[in-house]
Amino acid sequence: MPTRLHYKPKRFNRVIEFQSVHKAYRVSGQAIPALQPTDLRIARGEVFGIIGHSGAGKSTLLRLINRLEEPSGGRIQVDGIDATALDADGLRRFRQRVGMIFQHFNLLSSKTVADNVGLPLKLAGQLSRGEIDRRVAELLARVGLQEHAGKYPAQLSGGQKQRVGIARALATRPQILLCDEATSALDPQTTAQVLQLLAEINRELGLTIVLITHEMDVIRRVCDRVAVMDAGSIVELGPVAEVFLHPRHATTKRFVLESEHVDEREQHDDFAHVAGRILRLTFQGEATYAPLLGSVARETGVDYSILAGRIDRIKDTPYGQLTLALTGGDIDAAIARFEGADVHLEVLR
Amino acid sequence: METLLPNVDWPEIWQASLDTLNMLGGSLLFTVLLGLPLGVLLFLTGPRQMFEQKALYGVVSLLVNVLRSVPFVILLILMIPLTVLVTGTSLGVAGAIPPLVVGATPFFARLVETALREVDRGIIEATQAMGASTRQIVVNALLPEALPGIVAAITVTAITLVSYTAMSGLIGGGGLGDLAVRYGYQRYQPDVMLVTVVLLLVLVQILQSTGDKLVVHFSRK
């Protein structure tokens, strides 16, 4: 099969690699650590999310990738280049290959939408005026803003401004897109649209996206993998479904609870009057759709009532989480049966 | 007219007006040409900016402050030897321009520095992230974004220069201010004083309203 010759194994290709990178700020002679020594590998073509509360170090980590922040130590490899060893000229050319979008869009208010999008190309100085115009038209069509080319940013809505930001970030055909809280200033509906656009770009262009956010929902919708940050360190890292369905670190657990608007203690109090054993089952992937509850109930003679539950998706992975009360029949056999099945089981009481 | 303003010599008023406009135009041009780069230098080397240079900023900043704290009347006299060196005379329009420029440039540079500081840091960061050099950041992002502020700074400087030109009458600089001092004050001819003051007022009004219109024109926010 000759087409196989063009196939490149993308999955294991590291596009960003941190080797014991750390960063401390000097504030009146004292070193304030912002990022503890960190190792990190981000694969080509993945959407990698970093979640943390403000001050957790996520913004520092993101800005180290294109060296808007200078590391205090360690090595950063980006796309085979040692970003920490670049001189001023090399750094400028390197940055043209890494796009970035921002929470407050950071568009130039004095330039039209088209001139904003064309600015990175003008700065790079490799294309003629006509070529830039063509590329800008193409980019504006990509983000659905053709009719707004001649407007100024102040005449656009927040969502439109971020689309301009995205078009501008893609102008130089970068391999990597860095997103700094890109949806935090937008309303929920606009957030969903912008995230959908990012997911499309990731799929169609094979672009690696690194995004930081303090919203679980953003991670859940678009990310393949997530790193949870707390006090300048990555405390948990893995596929999004894994990390959020089975959180281990306290910070991760807090994010999960916050996003579900559930106070766990309160919930347990609600179940105080419920008879029988209480279990929580977590289904993931195809198991979500398997008729497990009914068959276990038939085989072991237990009755179950559903106390709480949700069935949803994390990016493309369906998952379900059910809290059950079991009464009657052979409860131990039922628990053993659940343990043997393709679900994650927690016995709450 | 003859009875209301008996001492007013209209051709002389006309000549003085032209002198004032020439002094203003010439000094404003050189003030902007020198003050704009100086303002950019102050901004870039200032605290927590791209090219923070404590020593350089300190020296330039001190020089600017020294020049700004010398009363303009004193500066006019102190500058005479240097003016003669540059223009060959210390009198007339040509003699007035060097002290005007030296007096107004530090003032304008500070206003430019302030206007540049008003530019959102995020915009500078975004331009840096595109791989822009410092020169490119200044030319393509900082100056266009600060343009309304810079135009406002030019307006304020122009109006300050109008009052400076009036003072330069003291060292024989010519213009409306000179006329006001020589006829209005020294010969006590209140009608001449009135006419020159009204003309200066009209000039200031025109400068301010033109400046305001330009600021609105360049503002896209």
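At what angle do the axes of helix α1 and helix α7 of chain B cross?

1. This is a predicted model, in which local features need pLDDT of at least 70, side-chain atom pairs count only at pLDDT 80 or more, and totals for chains, interfaces and linings use all residues. Residues are numbered from 1 along each chain as its sequence is written, chains are lettered from A, and side-chain values use heavy atoms, without hydrogens and water.

2. In chain B, the axes of α1 (residues 10–45) and α7 (residues 134–168) cross at roughly 140 degrees and come within 8 Å. Axes are lines fitted to C-alpha atoms, for helices over the stretch in contact, with angles from 0 to 180 degrees between N-to-C directions. Helices (H or I, at least four residues) and strands (E, at least two) are DSSP runs, numbered from the N terminus.

3. The contact (heavy atoms within 4.5 Å) involves residues of α1(B) including Met23(B), Leu28(B) and Phe43(B), and residues of α7(B) including Leu142(B), Ile154(B) and Leu161(B). By class, this contact has 16 nonpolar, seven polar and no charged residues; Ala, Val, Leu, Ile, Met, Phe, Trp, Tyr, Cys and Pro count as nonpolar, Asp, Glu, Lys and Arg as charged, and the others, Gly among them, as polar.

4. Chain A has an open, antiparallel sheet of four strands in the order β2-β1-β4-β5. Strands pair if DSSP finds at least two bridges between them. β2 (30–43) and β5 (81–82) of chain A are at the edges with a single partner strand each, so one side of each has no neighbour in the sheet.

5. Strand β1 (residues 14–27) of chain A is joined to the antiparallel β4 (residues 73–78) of chain A by five bridges. Opposite Gln19(A) stands Arg75(A) in β4(A).
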